[in-house]
2 protein chains.
Amino acid sequence: MAAALHLGSSSSLGTRQAVFFVPGSRLKHRRELLAGSRTGVSEGSLAGTVTCSVFAGSIAAAALRGRRFAAGSSGTRRSAASDVAAPAAEVKGSAFTLDPPSGTRDFFPEDMRQQRWLFDRFREVAASYGFQEYDAPVLEHEELYKRKAGEEITEQMYNFRDKEGAAVTLRPEMTPSLARMVLQLMRAETGEIAAQLPLKWFAIPQCWRFETTQRGRRREHYQWNMDIVGVAGITAEAELLSAVVSFFESVGITSKDVGIKINSRKVLGAVLNNAGVPAERFAETCVIIDKLDKIGAAAVQKELTEKVGLSADVAQKIVAATGAKTLDEFAELAGVGESDEVKELRKLFELAEDYGYADWLQFDASVVRGLAYYTGVVFEAFDKAGVLRAICGGGRYDKLLELYGSKKEVPCVGFGFGDCVIVELLRERGVQPQLPVTVDFVVAAYNNDMLGKAMSVARRLRKAGKSVDVYPEAAKKVKKAFKYADKVGARKMAFVAPDEWENGLVSIKDLRCPPETPADKKQVNVPLAELDKVDSFFE
Amino acid sequence: MAAALHLGSSSSLGTRQAVFFVPGSRLKHRRELLAGSRTGVSEGSLAGTVTCSVFAGSIAAAALRGRRFAAGSSGTRRSAASDVAAPAAEVKGSAFTLDPPSGTRDFFPEDMRQQRWLFDRFREVAASYGFQEYDAPVLEHEELYKRKAGEEITEQMYNFRDKEGAAVTLRPEMTPSLARMVLQLMRAETGEIAAQLPLKWFAIPQCWRFETTQRGRRREHYQWNMDIVGVAGITAEAELLSAVVSFFESVGITSKDVGIKINSRKVLGAVLNNAGVPAERFAETCVIIDKLDKIGAAAVQKELTEKVGLSADVAQKIVAATGAKTLDEFAELAGVGESDEVKELRKLFELAEDYGYADWLQFDASVVRGLAYYTGVVFEAFDKAGVLRAICGGGRYDKLLELYGSKKEVPCVGFGFGDCVIVELLRERGVQPQLPVTVDFVVAAYNNDMLGKAMSVARRLRKAGKSVDVYPEAAKKVKKAFKYADKVGARKMAFVAPDEWENGLVSIKDLRCPPETPADKKQVNVPLAELDKVDSFFE
């Protein structure tokens, strides 16, 4: 038997002290989770372009939480009370921590089917917009994120020194990797990108953060990213917003469920410029204003005066302006009238009208986003019920490539869309898909001598494009094989038995036919040589 | 402009000293790579279940290397001499390391298409065998791999302490995570797994290693894993080997190109048992014998006598037996005759015969595999030309779950199949697929006023299931738009211009029709309302 091993702090319970687990801990956890003893999992502003913290502490969120775990990654199949194992503390010996590392997730097959379904929707939408997929290592240079603008994302890096002393980190977000890759395509002499512009690229990276202050917070999530490189005009924003809307539509979410708040840092920039804020303090100012929801108006005004050096009057005016309900009101309050920046944002709303998704958009002067690199339009999608955190977010970042060494400005715009809040939302709205396990055939051998023959039947069926599971032992007890076929979601069962085999036949039973099906279509002896057209025997 | 930033040692050149790069470094690298200045990238025994080191130092491998990089992840599009930028050292200012961290890869879209194609084949084969996909975090508990059996894989972990002091590592292989997950399903009281057995699970994890001794070695790869949990009989091995063969067949590789070497540690175990080796030294003995290729017979015999305590005579006999050409010869040489272990291995070859893939298999007594946890059949696929390292490898590991705390033995068998050597092999054999970028439509607006209209056309086409790229600016210069459409692989071009628009029409041109196509099928004015059946206008 195994030695007791200790794998550091038991993280997914959110505790910091060392805990030992035994086999069955996943089952044990389920009981605690269903009883609500776990602190809310929150993605917070994990990836910067996405704030995807599910549980904002509201009662509604607490209610959600129960369901989240009931139907969530632990899977309903294992949630029956009878599955619950004895508490770890009561069991001696052979203990081993079975949880994944703190704040991370295992994906059991039923979880994985959900994830694949979601990622397939992301990929389909990206493809329908002509975007190409790319990827970069989950491990990145720490320096890539050190933009030093007080961003939460750079303060919570999952960084470390490798054994050669290199400062690396599990990537907190994807955009800097994209920028790094685009710059690899740039000719040093001219600053021209040696590729057809615009680049329209997408990815679904796993992003990480490390923070120790709160318990039970998730440390990784996946994030669908779509970016357009090389388009200065507002059509790029219009396309990306359209893609976000297309995704929502593809999964059954409507503009009654979700809205997209739009603002422009250019407009804010015009305001700050009028107020005498120097351009180099712009990013920092935005990061401060972004904290409005978190720390309140008074604290933001204090930081604007103390850190950026604005007068109390100007700071107050800026904060007040973010409360404007329309673009016109904001422009008036902020004194930027009919500036080019306001006109451009207005054009975006017009394009959305032409495009047919204007009902999803609303101007919101308080949306600034927490990343320092945004320079123009910023946006975030939110659930209109007000229960969940932001579903996705993005914006224009025309100066990021210069920060990394580009000789000239390269216009870029993109968004990040996490894999957590959307799943909550689908559950909330009752449109989460049912994705049962299925397989076309289970093939079973009547006895051990027929096992090889059963496998050759499986091979023929697979060559005909069928998915086939071979029952791994002799199936003299037919009931057991049928039970297995049912559990794995088989549509048909093939029995390979000596009598039929001698006559070149395989007995195949349709497990999903309606009761009124004639007997000779329920079970058919199919000639071996005709297994490639097996379906025709059941039509 | 940006400040010069330094991102640690420049790794992908394999040097240890700090190097600064400028935009264009990817282009610059290409020249060096094509000139062969880079040491061979090798995956070595990165993931244990797979030894996938591409370049074994042979002349053939060196020849391969050039082609690898010529057609490899840097992409042919960027390999033209005209793309090569000035060397970094000659350029002052705004420098920034653009390479991914040492030993890791970026996936540009053309690389990603190859990777997606490969992964899709993995997934298709797995599905056709009734396997379900799962996943686990890339970051794992270090303790999970500390099986302390001298495995290379545990000596080269990409491990570190997180900020809370937990000992974690980027996973070197997937099997321990699988074991951990299976144990989560186990009831502590009974040791029964609360799920329908067997589990047939697959995954395509990224696996990592860290080693500093050689330059330019890759530190990550992806590895297709398929595992069956809960089947003690040899049918499980037969199914997995069949899946490996199905994969090869699906990508155009034949049994002329690739063979699969088969051995059984059970047979070896019988030999060792006869020689008086205690059972608890078995794993260690296997790990030593696995080094035969690397350190030679004399050194292995020395380790067997000094570390395991065998007599020189017995050690010599064991090493000699691994040179046997057939199972019968081995059984005789090793004095295990007609033992159950030999009979079981013989049964596997019989099943393969029934199944129809026996021509791929060959007995090889020298195949032991380097992981300590294997207990039964072990196998590895190799290219018959003898140029590449093992393509995939796997085996039975019935005792691993006990090591992690299971109360009873849980029979398991699985394999790992890396993403590197197979790509080399496809290239070698000339069956690597061409995967050009394509999109159904490029939609272009005649002027800025038509941009919103063009987007609404794109929306209609996308709703009809088409992939559509919107040309981002007014296309008064039609030539430029056509050039763009060509570059992105568009099949058709839709022009949205005022005259047609007033009549409710969109002008669509077929860019891929044969020259003899009649003019009225080359370019058609399609009514807006009928864009959902646009194809019918070109039939």
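**Exercise 1. Determine how confident the prediction is for chain A, and where the pLDDT is below 50.**

Solution. This is a predicted model; local features need pLDDT of at least 70, and side-chain atom pairs count only at pLDDT 80 or more, while totals for chains, interfaces and linings use all residues. Residues are numbered from 1 along each chain as written, chains are lettered from A in the order written, and side-chain values use heavy atoms, without hydrogens and water.

- Start with the average: chain A has a pLDDT of 81 (the predictor's confidence in each residue, from 0 to 100).
- Next, the share: 81% of its residues score at least 70.
- Where pLDDT is low, predicted coordinates should not be read in detail.

**Exercise 2. Describe the interface of chain A and chain B.**

Solution. 

- Count contacts (heavy atoms within 4.5 Å): 121 residues of chain A touch 121 residues of chain B.
- Take the area: about 10600 Å² is buried, with 59% from carbon and sulfur atoms. Buried area is the accessible area (1.4 Å probe) lost by two parts on being put together, summed over both.
- Check a pair: Arg116(B) and Glu133(A) form a salt bridge at 3.8 Å, N to O.

Note on methods: Salt bridge = Lys/Arg side-chain N within 4 Å of Asp/Glu carboxyl O.
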